[in-house]
Structures are given as C-alpha cells and as structure tokens.
Amino acid sequence: IALAIEYDAASFFRGKVPEQTALGVLKRGNAVCEGYADLFSRMCSAAGLTARTVAGFARGYGSLATGREDPERQNHAWNAVRIGGGWYLVDATWDSGFLENGAFTRRYSTAFFLLKPEWMIYTHLPSESRYQLLERTIGPAEFADLPFLRGEFFDTVTSGFESLGKTLSVDALYSMRLGVVPGSVHQAMLYDAGSGAFAQYAFTDLDGGACTLFLAPPRGKYLLILFSNKGGILTQIAEFGVVSSLKEGIPAPFVFETF
C-alpha cells in the first residue's frame with residue numbers, strides 16, 4: 001500500500017476529500033490517511049487477519065516541538081493488526097512519504113510498520129486508549145510532554161532518550177548522550193523559534209556506538225532537529241523545543257574533516 005498509493009495532497013490542502021473507501025482508493029490510486037487505513041484493514045481481512053482502523057491525534061504535517069498541540073483533537077487514522085496472538089501498530093500513510101511545501105514526496109520506509117507500542121506513543125495518541133496497546137495508558141496531558149520521536153529514531157538510537165521531555169532547558173553547556181547503531185551518522189540543527197534562522201550553537205560528537213549532542217545557545221527559545229544519515233539519505237528523526245537562560249552562547253566548532 002505504501003508503495004502503490006500516493007498521498008492525495010491536492011484534496012488535503014483544498015479541504016475537499018473524496019470518499020475514502022478501499023475500493024475508491026484502489027480506483028484512484030491515491031488517498032488521505034483514512035483511505036490508507038481502510039485499505040489496509042480490508043486487505044488484512046482478505047488475508048485472514050484481524051485489523052482495526054484507529055483514529056486519534058498524530059504529530060504529522062505542520063507539527064513542531066515548539067508549537068501548541070491539542071492531543072484530544074482527531075487529525076489522523078492508522079491501524080492495529082492482530083498477528084500470531086498479539087496486536088501491532090501500522091501507519092501506511094507515514095511510510096509512503098511525507099508532505100513538504102504543499103506537495104507529497106514519496107519516500108517508502110518501514111519506520112511505522114509493526115512499530116512497538118511504547119515507541120508509537122511518541123507520535124500517535126489514539127482516541128480510544130485501548131489502542132495504545134500499553135500496560136499503562138497515558139492521557140493527552142502526558143502525551144503533550146513527550147518528546148517528538150519519529151519511528152526512524154528507533155531505527156538508529158538504542159538508549160539515552162527514556163527520560164527526555166518535549167522541551168530541553170539549558171542553563172549551562174547541555175549534553176545528551178545517546179546510544180546509536182554503529183555506522184549511522186547523526187546531525188543536529190538548531191533554529192530560532194521565532195524567526196526560524198539557523199543558530200550555530202549545537203553539534204554532535206560520534207564515538208563508536210554513542211552520539212553526544214552539545215547544546216549552548218544564548219538566551220531564547222529554539223527548535224532542535226535531529227537527523228540520521230544512512231546511505232546518503234538525510235532523515236529527520238526527532239524534534240525538541242529548547243529554552244535557554246544563558247547570557248552568552250557557546251558556538252559550535254566548524255569541523256572540516258573526520259577526526
């Protein structure tokens with residue numbers, strides 16, 4: 001589905017979405033999230049699997065870690081599927097590509113295919129808490145404080161994120177050490193939350209199976225975006241809000257070669 005169906009960006013931005021039944025999606029070859037989810041459920045049924053369409057809030061197009069969220073609002077649809085006696089979560093829409101500058105860019109992935117429930121919860125909050133598939137479910141307020149960690153984050157980062165919140169407070173040189181999959185390259189980009197201007201006050205240091213992020217911007221509010229680089233493809237994996245109380249920042253060094 002993620003390979004064959006294109007996201008219907010034109011209808012989404014126009015605010016007039018055609019019917020999203022599985023048959024309609026197959027005829028047109030495009031869909032919004034509801035259509036992706038319905039087609040997935042129907043195909044699972046044809047294969048003898050039990051699947052459900054899950055409605056809720058997701059941190060998708062237009063979401064920023066520095067922006068306000070309303071997790072009680074329904075803005076997305078995805079799936080839960082029962083395989084081998086267990087329930088798993090799938091978002092075929094997000095695995096088909098992404099929206100950027102008002103258009104759909106196809107980029108197939110498996111970042112949200114059978115993603116662990118304890119990882120899916122960083123971006124998806126079902127309206128029905130049972131579809132969180134967690135031993136301890138969370139509410140909208142707790143979800144709003146979670147960092148914005150995409151499915152791709154868990155393909156490359158293995159530890160060090162468990163206690164992080166949505167916003168990082170900086171009152172001295174801040175460092176975050178993450179366990180990472182060897183061979184992956186990680187980058188950090190910092191932007192002024194108001195103007196969007198690039199701020200040269202964040203950098204990463206790679207050491208085998210670890211990546212340490214250093215952060216020391218001057219007083220203000222910022223948006224921090226983490227990227228992974230695999231095979232030359234740069235992928236956004238996480239976002240954080242940053243609030244700094246430093247009088248003077250510590251600029252990141254310019255590195256011209258690998259040391």
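My entries follow, one topic at a time.

**Ground rules.** I am working from a predicted model, where local features need pLDDT of at least 70 and side-chain atom pairs count only at pLDDT 80 or more, while totals for chains, interfaces and linings use all residues. Numbering starts from 1 along each chain as its sequence is written, and side-chain values use heavy atoms, with hydrogens and water left out. My helices (H or I, at least four residues) and strands (E, at least two) are DSSP runs, numbered from the N terminus.

**Helix α3.** I looked up residues 33-46: 14 residues, reaching 20 Å from first C-alpha to last, close to the 20 Å expected at 1.5 Å a residue. That expected span is 1.5 Å times one less than the number of residues. Next I checked burial (buried is under 20% relative accessible area, exposed over 50%, partly exposed in between; 1.4 Å probe, protein chains only). The buried residues of α3 include Cys33, Tyr36, Phe40 and Cys44. Just after α3, I noted Gly48 with a positive phi of about 85°.

**The sheet.** I traced an open sheet of five strands in the order β8-β5-β4-β3-β9, with antiparallel pairing; two strands pair if DSSP finds at least two bridges between them. β8 (113-115) and β9 (124-126) are at the edges with a single partner strand each, so one side of each has no neighbour in the sheet. Neighbouring strands are turned by 50° against each other on average, direction ignored. For angles, axes are lines fitted to C-alpha atoms, for helices over the stretch in contact, and values run from 0 to 180 degrees between N-to-C directions. β3 (residues 50-58) is joined to β9 by three bridges, and Ala58 stands opposite His124 in β9. α3 packs on this sheet, touching β3, β4 (76-83) and β5 (86-90), with its direction at about 15° to that of β4. Contact here means heavy atoms within 4.5 Å.

**Rings.** I paired rings of Phe, Tyr and Trp (its six-membered ring) with centres within 6.5 Å, calling planes under 30 degrees apart stacked, over 60 edge-to-face and the rest tilted. That gave me 16 aromatic pairs. Tyr7 and Tyr36 are stacked, 6.4 Å centre to centre with 15° between the planes. They link strand β1 (residues 6-7) to helix α3, 29 residues apart. Tyr7 is buried at 10% relative accessibility, and Tyr36 is buried at 1%. Phe12 and Tyr61 are edge-to-face, 6.4 Å centre to centre and 90° between the planes. Phe12 is partly exposed at 36%, as is Tyr61 at 44%. One aromatic cluster takes in Tyr7, Phe12, Phe13, Tyr36, Tyr61 and Phe104.
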